[in-house]
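Some notes on the aromatic side chains follow, as requested. Please read them alongside the model.

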Amino acid sequence: MSKKLMTATMALMLAPALLLAQKTSYDYNKAANFASFKTYAHKDGTKVGQPLIDQRIVAAIDTELAAKGLTQAQANPDVFVVYHIAFDKEKDISTYSSGYGGGYGAYGWGWGGGMQSSTTQVRDILVGTLVIDLADAKAGQLAWRGMGVKEIDTTAKPDKRDKNITNAVNKIFKNYPPKVKT
């Protein structure tokens, strides 16, 4: 096996660990009248605890809600917006092999006779979950919930953090308002 092919194979095997895509989901109250939601106000949820990150999340939510036609109201909003953030550490285990292992050996074809080495890499990854709730202020109940889960790059520069948060919130709000079948 050539060195280039071996390097490409190793890169492909490590790629899943490095390319975790954001997963999103949503749910909603089928009785909610989303067409009546025109104004919103923020309420405290579970913050990150880093003011700059919390400000980025609120700004991204404000931008998405404005794009959906909602305006922020200081008094008597139609919906309250609450976000929650949670972090979890997970193990990522990647194994790649090099060399060859085929040939005729003591136990028949393919068993023995060959040189092969495997390397396993274990690393901790930080996974973040962002939940955004829209609660009907008049009914006092949850109307819509969007959630995104993604690996967090703790070494990202501020511009990259802005982009990651904006993309996450954008993807979460992709299904708001929900398309109600008639």
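1. The charged end of K43 sits over the ring of F80, 4.5 Å from the ring centre. A charge counts as over a ring if NZ of Lys or CZ of Arg is within 6 Å of the ring centre and within 35 degrees of the ring normal.

2. This is a predicted model, in which local features need pLDDT of at least 70 and side-chain atom pairs count only at pLDDT 80 or more, while totals for chains, interfaces and linings use all residues. Residues are numbered from 1 along each chain as its sequence is written, and side-chain values use heavy atoms, with hydrogens and water left out.

3. Seven aromatic pairs turn up in a search of the whole structure. Rings of Phe, Tyr and Trp (its six-membered ring) pair if their centres lie within 6.5 Å; planes under 30 degrees apart are stacked, over 60 edge-to-face, the rest tilted. Y28 and F34 pair edge-to-face, at 6.1 Å centre to centre and 70 degrees between the planes.

4. F34 also forms an edge-to-face pair with Y176, with 5.7 Å between centres and 80 degrees between planes. This pair links distant parts of the chain, 142 residues apart: F34 lies in the loop between strand 1 (23–28) and strand 2 (39–42), Y176 in the segment after helix 3 (158–172). Helices (H or I, at least four residues) and strands (E, at least two) are DSSP runs, numbered from the N terminus.

5. Y26, Y28, F34, F37, W144, F173 and Y176 make up one aromatic cluster.
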